[in-house]
Amino acid sequence: MQKQLQQAGYFYTSTPYQEAFDIDYPQENLEGEMYKYRCMSCKILTTEINGRLENHAQDCAYRIGRTSSTPQ
Ligand SMILES: [Zn+2]
C-alpha cells in the first residue's frame, strides 16, 4: 500500500496528468481519529477520495469549483 502511494506521487510530479490527481482540497481531521482526514466540503474521507476529483460528492463545493474552472 505504501508503495502504491509513492508511485502515485511520482506520477503527480512527472506526468502531464496533474489535474487527474487532486489533493489540494481543504481537509479536516476526524475527531478522535488522528490519522484520518476528510474533505471539509463533502465530508468524504481522504482515503476514499484517493486523490480523485470524481470521488468527491457530486455536490461538493470544491468539486464543483474545480470542474467549472477546468472544462473537460
Ligand atoms: Zn469534497
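Biologist: In what order do the elements of the protein chain run from the N terminus on?

Modeller: This is a predicted model. The protein chain has three helices and two strands. Read from the N terminus on, the order of these elements is α-β-β-α-α.

Biologist: Which element of the protein chain has the lowest mean pLDDT?

Modeller: Over the protein chain the pLDDT averages 80, and 67% of the residues score at least 70. Among the elements, the highest mean, 96, belongs to strand β1 (residues 27-30). The lowest mean, 53, belongs to helix α1 (residues 2-14).

Biologist: How many bridges join β1 to β2?

Modeller: The two strands form a hairpin with two residues between them, and Gly32 in the turn has a positive phi of about 80 degrees. β1 and β2 run antiparallel. One of the pairings is that of Gln27 with Cys39 in β2. The number of bridges joining β1 to β2 is four.

Biologist: Is Cys60 buried or exposed?

Modeller: Cys60 is placed in the loop between α2 (46-49) and α3 (61-69). A residue needs 20 or more other C-beta atoms within 10 Å to count as buried. Cys60 has 21 such atoms, so the answer is buried.

Biologist: Which residues make up the largest nonpolar core?

Modeller: In the protein chain, 11% of the 72 residues count as buried. Ile49, one of the core residues, touches Cys39, Ile44, Asn55 and His56, not counting residues up to four places away in sequence. The largest nonpolar core has five residues: Tyr25, Cys39, Ile49, Cys60 and Tyr62.

Biologist: Is Lys43 buried or exposed?

Modeller: Lys43 is found in the loop between β2 (33-39) and α2. Its phi is near 65 degrees, a positive value in a residue other than glycine. Most residues other than glycine have a negative phi. Because Lys43 has 12 C-beta neighbours inside 10 Å, and 12 or fewer is the cut-off, the residue counts as exposed.

Biologist: What is the phi of Asn50 near?

Modeller: Asn50 lies in the loop between α2 and α3. With 14 other C-beta atoms within 10 Å, Asn50 is partly exposed. Asn50 is a residue other than glycine with a positive phi, and the value is near 55 degrees.

Terms used: Residues are numbered from 1 along each chain as its sequence is written. This is a predicted model: local features need pLDDT of at least 70, side-chain atom pairs count only at pLDDT 80 or more; totals for chains, interfaces and linings use all residues. pLDDT is the predictor's confidence in each residue, from 0 to 100. A nonpolar core is a set of buried Ala, Val, Leu, Ile, Met, Phe, Trp, Tyr and Cys residues joined through C-beta atoms within 7 Å. Two residues are in contact if their C-beta atoms, placed from the backbone, lie within 7 Å. Two strands pair if DSSP finds at least two bridges between them.
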